[in-house]
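Here's a quick tour for anyone opening this one for the first time.

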Amino acid sequence: MINTVSEKIKSIRIDNGISQRELAKKLGISNRAVSKWESGLSYPSTENLIRIAEVFSVPLEYFFEKAKEDNEKKNDVKPLGMESLAELYKTGAGPSSSHTMGPEKACGIFAKRNDNADSFKVILYGSLAKTGKGHGTDFVIKKTLAPKKVDIEFDTTVPMVSLPHPNTMDITALKNGRKIDSARIMSVGGGSIVFENFINPTPPLIYKETSFSEIAEICRKNKLRLWQYAEMREGEGFASHMESIWETMKDSINRGLEDEGVLPGGLGVVKKAKTLFNSQHIDESAETRVNRIVCSYAFAVSEQNASCGKVVTAPTCGASGVVPACLYYQQQKNGYSDVQIIRALETAGIIGNLIKTNASISGALHGCQAEIGTACAMAAAALGELFGLNLDKIEYAAEIAIEHHLGLTCDPICGLVQIPCIERNAVAAMRAINAVSLASFLSDTRKISLDTVIKAMKETGRDIARQYKETGEGGLANIGI
Ligand code: SF4
């Protein structure tokens, strides 16, 4: 919880990627003074506090307000329930559920509400402003609002701390140059959006249980597997939704394996799925073959995603290759039926839903651990279901998968969902196989629950510095190629 001036100075400095030395230099004081303020050993003068506020472009009140504390308290409230898995598994055009699917949905709703408008103005903030160009946010907004004129502004000057969410956009409808309506919209991950100051038509919370321990209790009591629990809670139309989700996943793999050429965006990244799939060596070992084929499937989906092709959010577009790669490989190699695969997908969906509800699946909020880490946990649980593992082992597989992604940052080069995202999907698919294999041998010895590791993921996500959360400013994105 951040509530003292010392903590606030430290937090905003780290969020902005500035060292104590750099801050001290900007203020014309010694590093020691900054260090003392941050450790609470001394207090900055009002004059210095005003200058710090200027450095970080925040109002002076920021250092005294309890907004962040209240916000975090609000986030720590136990969730009331979980949404349908249909809200997790969505079909749409890549490359990013938060940067393309969310804004597309937001503009569609806003345009419908203002069909008498003759033009629109959209201002993108935070991560949408910093990586929106690479992710194709402007392209999808223009396409959705066409044929009407759209003026798009990328405003990178507003600090993240003053935004309600890292993916925030303002949209204004105009008629004859005069404003007739406006809205502030947050793209909160996985293609979901929230309108500020508006009663959002939120999906019903059809799962009463919000922790793995609660779900496990019901499953044990009623002798249910996780997919049976999911089907018990879901409503009409769920079966056909899941069938179509699996069909789209398979389709995206097959399209990707046929595709060749260079990905759009200017980085010159060559599509590799087809080459990888066909590159069998004469003396290839069984282990190498598994690795090559699974990775080629993950590349296939991720490359389709990067080409604005149709994919399934599992749980997001950026991480859409992990789950299908693991499941398609099992179907091709061991002949699992579509029904068995869909049950595995439902099992994975419960894990994804728990993370979405108790932490986040948004790279802009909690870094890549929230996207790729979640996808890996989902894939590990799905494989556990396919292999007939018990509840404890499925939980353990998912827990291992997230645990070893904790702290993974989001740093796409040029804001494009290509480097490191595509390879990251392939590596996570292999990690999921590793996690389920370990869980099948070791579950009796485990010490950490899935609920605990999800909590750790949320706390880690809060502590990851702002430039590593889909801003295109830290890590690989900063160094470039
Ligand atoms: S680095 Fe991870 S979270 Fe960031 S865009 Fe790529 S896949 Fe998504």
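Helices (H or I, at least four residues) and strands (E, at least two) are DSSP runs, numbered from the N terminus. You're looking at a predicted model, where local features need pLDDT of at least 70, side-chain atom pairs count only at pLDDT 80 or more, and totals for chains, interfaces and linings use all residues. Residues are numbered from 1 along each chain as its sequence is written.

- For P95, look in the loop between β2 (91-93) and α6 (97-113).

- Strands of a sheet pair through backbone hydrogen bonds, either parallel or antiparallel.
- Here, two strands count as paired if DSSP finds at least two bridges between them.
- The open sheet has five strands in the order β4-β3-β5-β6-β7, and its pairing is mixed.
- At its edges are β4 (149-155) and β7 (192-195), each of which pairs on one side only.
- Direction ignored, neighbouring strands of this sheet are turned by 25 degrees against each other on average.
- β3 (residues 119-125) and β5 run antiparallel and share seven bridges, with K121 standing opposite T172 in β5.
- Between β5 and β6 there are eight bridges, again antiparallel; here M169 faces I185 in β6.
- β6 and β7 are joined by four bridges in the antiparallel sense, and G189 has S192 in β7 as its bridge partner.
- Axes are lines fitted to C-alpha atoms, for helices over the stretch in contact, and angles run from 0 to 180 degrees between N-to-C directions.
- Helix α6 lies across β5, β6 and β7, and runs at about 150 degrees to β6.

**Positive phi in non-glycine residues**

- N176 isn't a glycine, yet its phi is positive, near 50 degrees.
- You'll find N176 in the loop between β5 (167-175) and β6 (178-189), two strands that form a hairpin with two residues between them.
- A residue is buried if 20 or more other C-beta atoms lie within 10 Å of its own, exposed if 12 or fewer, and partly exposed in between, with C-beta atoms placed from the backbone.
- N176 is exposed because it has 8 other C-beta atoms within 10 Å.
- C308 also has a positive phi, about 65 degrees, without being a glycine.
- C308 belongs to the loop between α13 (286-306) and β9 (310-312).
- C308 has 17 C-beta neighbours inside 10 Å, so it counts as partly exposed.

**A helix pair: α2 and α4**

- α2 (residues 20-27) and α4 (residues 46-55) pack at an angle of about 115 degrees, and their axes are 10 Å apart.
- That makes α2 and α4 roughly perpendicular to each other; angles under 35 degrees count as roughly parallel, over 145 as roughly antiparallel, 65 to 115 as roughly perpendicular and the rest as oblique.
- Residues are in contact if their C-beta atoms, placed from the backbone, lie within 7 Å.
- From α2, L23, K26 and L27 meet N48, R51, I52 and V55 in α4.
- The residues in this contact split into four nonpolar, one polar and two charged; Ala, Val, Leu, Ile, Met, Phe, Trp, Tyr, Cys and Pro count as nonpolar, Asp, Glu, Lys and Arg as charged, and the others, Gly among them, as polar.

Conventions: Two residues are in contact if their C-beta atoms, placed from the backbone, lie within 7 Å.
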